[in-house]
Amino acid sequence: MAQSEYKNTLAFITKYGNQVENEIETRLNNYGKIASGKLYDSIRYEVKQAKGEFILSFLMASYGYYVDKGVKPHPEYLTGKGTGKKSKFIEALKKWCKIKGIPQNAAYPIRRSIWKYGIKPTNFFTIPTTRRQKYFENELGNMMAKDLDIQLQKELDKELKNNLR
């Protein structure tokens, strides 16, 4: 069947993707994790069809993984002498400090705190994309069955019409 013949299925996947995207954005906002808005703006879903199947993907900026899953402490980093090369991490923290209105030299103690204590996970992305999995699977099956019924009925009507001539 062509994609146009899966109207109910595609409509359900699109509606579901939109609902999950909205929940992800709401959770991110509720956790107070919007600084520059880059992560928030990067959140989206895509529906693609390939080889007769639909693929629903949820996407976000790569650093969103760390906001979602958190960061484990790395106390072994605390023993350094500070003579190494500048890291992208400290530069990103400086930008974040600037956006938040915090003095940029606060990036160093913030980094130290992250290394010592880690960052607590928010699961702003994980929860919305996994908690309705059963519902999604069941409803997807229902919509596919509905589309198949419609297609079979069209084929049956066409066959009956040809036989009556």
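Tutor: In this predicted model, α4 gives the largest share of the lining of the largest pocket, eight residues. Helices (H or I, at least four residues) and strands (E, at least two) are DSSP runs, numbered from the N terminus.

Student: What volume does the largest pocket have?
Tutor: About 1200 Å³. A pocket is an open set of points on a 1 Å grid over the protein atoms alone, where a 1.4 Å probe fits, with protein on both sides within 12 Å along at least five of seven lines; lining residues have an atom within 4 Å of a point. The volume is the space filled by probe spheres set on the points, which are joined across faces, edges and corners.

Student: Which residues are closest to its centre?
Tutor: Of 27 lining residues, Y63, V67, A92, L93 and W96 are the closest to the centre of the largest pocket. Two or more lining residues come from each of α2 (38-42), α3 (64-69), α4 (88-100) and α5 (107-117).

Student: Numbering and confidence?
Tutor: Residues are numbered from 1 along each chain as its sequence is written. Local features need pLDDT of at least 70 and side-chain atom pairs 80 or more, while totals for chains, interfaces and linings use all residues.

Student: Now the fold. What pattern does the chain follow?
Tutor: Along the sequence the protein chain reads α-α-β-β-α-α-α-α-α, with seven helices and two strands.

Student: And what box do the C-alpha atoms fill?
Tutor: Roughly 90 × 30 × 30 Å, taken along the principal axes.

Conventions. Heavy atoms only, no water.
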